[in-house]
Amino acid sequence: MKASVRIDRAYTKYEDGKFLLCLEIPIEGRKAARGIERVIKETKRQFCAVFQEFKARRSLDANAYYWVLVGKLAEAIDSTPEEVYRHHVRDLGIYDTLCMQTRAVRDFAKHWKSGHTGRRIETRVSKWAGCTTVLAYYGSSDFDTKQMSHLIDNCIQDCKSVGIETATPQELQRLKEEWK
């Protein structure tokens, strides 16, 4: 079973000789919480919980707006939306630096980029023999709100530079506020 619920607060208590971890969740998470409770009660299996930092999902309106602008920009500069997008992602410079055996780079690149238009790699000569330094760039599906906001802002600047009309600052602010 897999479930995802935002946790607003956690506390511990001791009751009937057992140590309890209590999680406070928003009301909209009650269905998932009851499902977890039911599965645990009905089965004799053990479960483990994994906690990770909550990240708000970005607005579909903002993402859709970005792609509308990318399409117009690509047409204006005689390119493809995918190439414009990859250029924007690279310009943001959000990547991890990895050192790996040179013979593993091709397979890593294949898996890293699979299903992700924006993900890419660049390679550099490593100071270790038989190794390659890899810059593994993240795509927008990996971005948080702040990074996505920068991506849109960069696209707007590019659009304005070639005379493409964009949303007003107030409209852009509304789209960005929806991410919070």
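Tutor: A disulfide is counted here as a pair of cysteine sulfur atoms within 2.5 Å, and by that rule this predicted model has zero disulfides. Cys-22 is in no disulfide, the nearest cysteine sulfur, that of Cys-48, being 19 Å away; Cys-22 also counts as buried, at 15% relative accessibility, where buried means under 20% relative accessible area, exposed over 50% and partly exposed in between, with a 1.4 Å probe and protein chains only. For Cys-131 the closest cysteine sulfur, in Cys-99, lies 4.4 Å from its own, which is too far for a bond, and Cys-131 is partly exposed at 23%.

Strand β5 covers residues 131-137 and has the highest confidence in the chain, a mean pLDDT of 97, on the predictor's per-residue scale from 0 to 100; strands are DSSP runs of E of at least two residues, and helices are runs of H or I of at least four, numbered from the N terminus. β4 and β5 are joined antiparallel over six bridges, and Thr-123 has Val-134 in β5 as its bridge partner.

Residues are numbered from 1 along each chain as its sequence is written. Local features need pLDDT of at least 70 and side-chain atom pairs 80 or more, while totals for chains, interfaces and linings use all residues, and side-chain values use heavy atoms, without hydrogens or water.

Notes:
Two strands pair if DSSP finds at least two bridges between them.
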